[in-house]
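Visitor: Could you show me how to read the features of a structure like this one?
Guide: Gladly; let us look together.

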Amino acid sequence: MIVVAGEALIDLVPQGTGALAGLKPALGGGPYNTAVALGRLGSPTAFCSRTSRDTFGEALLDGLRAAGVDVSAVQRGAEPTTLAVATIDGNGSAAYSFYVEGTADRLFAAPEALPAGTRAVSFGTCSLVLEPGATAYESVLRSAAAQGVFTALDPNIRAGLIPDADAYRARFRSWLPSVSLLKMSEEDALWLGGSPREWLAAGPAAVVITHGGDGLSAFTRDGAVYPVPGEKVDVVDTIGAGDTVNAALLHGLAAQDALSSEALLGLGAEGWTRLLRFAARAAAITCSRAGAEPPYASEVDEV
C-alpha cells in the first residue's frame, strides 16, 4: 500500500481568455492528483486527508474510488471545499490563487496509525503550509520515518499561500532528515534555495528535479547524477504533470521492490534511467490533455 497524505480541492479552470472567462470545476490538489495517478497505474493506494461533506467533497471521493484508491482513511467535515482558481499562460503552464479560509482540508488531524500494509507515504503542496493541518501532516511524516516507512516529499511551492518565506524554508530543511525521496521542480528548487547536494546531506537518499519539457534528473547520496530527456508532446496544459511524476516514481520503485533508502542507492544507472523515462512518459501523457488527467497503466509501457 502506498499512502498519499495531503489536500483534495477543486480547481476552477478558465475556458477562455480574460478575467471573466467561464470557469470549469475540476478535481485537483497535488496529493489528490498523485493518489489518482497511482491508482490508475495499478498501485494499491490509500488517501489520507480531510474532505468536505459538500457536493465537491463527494465528487472528490468519487474520483478516488473510480481510480481504485482506498478512501477509508479520509476524514470528513462540514466546512466547504478549498477552491483553486487556475490561470493558464501561453505555454500551458498553470498558476493558482486559492480560497482556503475555513475549509475542510486544513483541519486534518493526525491519525493514530497508517493503513495496514503501508510501504510508503507521499506528502506535499498546500497541506504542509496551511495550519493547523500542516503540523498534523508534519507529525505523520516524522512518525512514518521513525517507523522505517519510505517517505516521499514534493514541496510543490504555492508562494501566495506562504506568509513567511524564510520560516517555510527553515521548516522545509527540518523535514529532510525524515525524507527518503525528495522531488521538486526547477522553479521550486530556486525558490527554496540550496542544492541537491545540500539536501542529500541532510537526509534523503535521492533527489529528483524536473526540468519541464527538458526532462528530469536524479541525484543520489553516493554522488551520482542520472539525467533523462523529456518526451516530446503537444502540450495542452501542465496541470497535474508534477503530480504524475510523483506517482510514476513511487509506482516504479514499488515495481522494482526499491521502496527503501538503501534500494534507491542500489538502483544504479540502468534502474534510475528506466524509472525516470517511465515518469517522463507518464507526465507527457498528462500534459497532452486538459486538466489533471494522468494515464492508466494501459497507456504507458511498464517500468
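Guide: We begin with burial: a residue is buried under 20% relative accessible area, exposed over 50% and partly exposed in between, with a 1.4 Å probe and protein chains only. Ala 84 has 0% relative accessibility, so this residue counts as buried. Please keep in mind that this is a predicted model, where local features need pLDDT of at least 70 and side-chain atom pairs count only at pLDDT 80 or more, while totals for chains, interfaces and linings use all residues. Residues are numbered from 1 along each chain as its sequence is written, and side-chain values use heavy atoms, leaving out hydrogens and water.

Visitor: Where is the place of Ala 84?
Guide: Helices (H or I, at least four residues) and strands (E, at least two) are DSSP runs, numbered from the N terminus. Ala 84 sits in strand β7, residues 83-88. The protein has 9 helices and 14 strands.

Visitor: Which residues is Ala 84 in contact with, leaving aside its neighbours within four places in sequence?
Guide: Contact means heavy atoms within 4.5 Å. Under that rule, Ala 84 is in contact with Leu 9, Ile 10, Asp 11, Leu 12, Tyr 96, Ser 97 and Phe 98. Its C-alpha atom is also separated by 8.5 Å from that of Gly 29, 55 residues apart along the chain. For the protein as a whole, 69% of the contacts with a separation of 6 or more are between residues 24 or more positions apart.

Visitor: Which residues touch the most other members of the largest nonpolar core?
Guide: A nonpolar core is a set of buried Ala, Val, Leu, Ile, Met, Phe, Trp, Tyr and Cys residues joined through side-chain atoms within 4.5 Å. The largest one has 52 residues, and those touching the most other members are Phe 47, Leu 64, Leu 181, Leu 253, Leu 264, Trp 272 and Leu 276. Helix α9 (residues 268-287) gives the most to this core, with 9 residues. A second, separate core has 39 residues, among them Ala 46, Val 140, Ala 189 and Ile 209.

Visitor: Is Ser 127 buried or exposed?
Guide: Ser 127 is buried, with a relative accessible area of 6%. This serine is in the loop between β9 (120-124) and α3 (133-146). Not counting residues up to four places away in sequence, Ser 127 touches Ala 5, Gly 6, Glu 7, Pro 31, Gly 133, Ala 134 and Tyr 137. Pro 132 lies in that loop between β9 and α3 too, and a cis peptide bond with omega of about 5° joins Glu 131 to Pro 132.
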